Amino acid sequence: MAIEIISKGKCECYNAPRGDAGLEGYEIRDTYKFEKCRKKGKREKYYRLYHDWDTDYYECCGATQFAENFKILEEKSVNN
């Protein structure tokens with residue numbers, strides 16, 4: 001199933017997840033790149049979090065886990 005990227009941006013960690021929902025290695029006050037996504041035809045959104053600004057490696061989490069650990073600093077819509 002195809003993935004739709006809804007928006008992209010920069011977020012800041014305010015609560016280091018320490019393995020919660022499979023998220024590890026995030027440090028409080030550090031900034032990360034994110035993409036808000038969903039599978040085409042589905043409503044549920046999830047986030048891709050990138051540890052490094054210059055890499056293709058990312059970890060995924062749901063909207064609840066994202067909100068519990070990160071705050072959005074910048075966000076731009078993506079035209080699909």
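In this predicted model, five strands form an open sheet in the order β4-β3-β2-β1-β5, and their pairing is antiparallel. Strands of a sheet pair through backbone hydrogen bonds, either parallel or antiparallel. At the edges of this sheet stand β4 (59–62) and β5 (70–77), and each has a single partner strand, so one side of each is left without a neighbour in the sheet. From one strand to the next, the twist averages 35°.

Within this arrangement, strand β2, which covers residues 31–39, pairs in the antiparallel sense with strand β3, which covers residues 46–50, and the two are joined over five bridges.

Leaving aside residues up to four places away in sequence, glutamate 35 touches Ile5, Ser7, Lys8, Tyr46, Tyr47, Arg48 and Tyr50. With tyrosine 50 there is also a polar contact, made between the two side chains at 2.8 Å. Lysine 71 lies 36 residues from glutamate 35 along the chain, and the C-alpha atoms of the two are separated by 13 Å.

| Pair | Distance |
|---|---|
| Glutamate 35 and tyrosine 50, side-chain polar contact | 2.8 Å |
| Glutamate 35 and lysine 71, C-alpha atoms | 13 Å |

How values were computed. Residues numbered from 1 in each chain as written. Predicted model: local features only at pLDDT ≥ 70, side-chain atom pairs only at ≥ 80, totals over all residues. Heavy atoms only, no water. Pairing = 2+ DSSP bridges. Helix = DSSP H or I, 4+ residues; strand = E, 2+ residues; numbered from the N terminus. Axes fitted to C-alpha atoms, helices over the stretch in contact; angles between N-to-C directions. Contact = heavy atoms within 4.5 Å. Polar contact = N/O pair within 3.5 Å; in protein donor to acceptor, adjacent residues only side chain to side chain.
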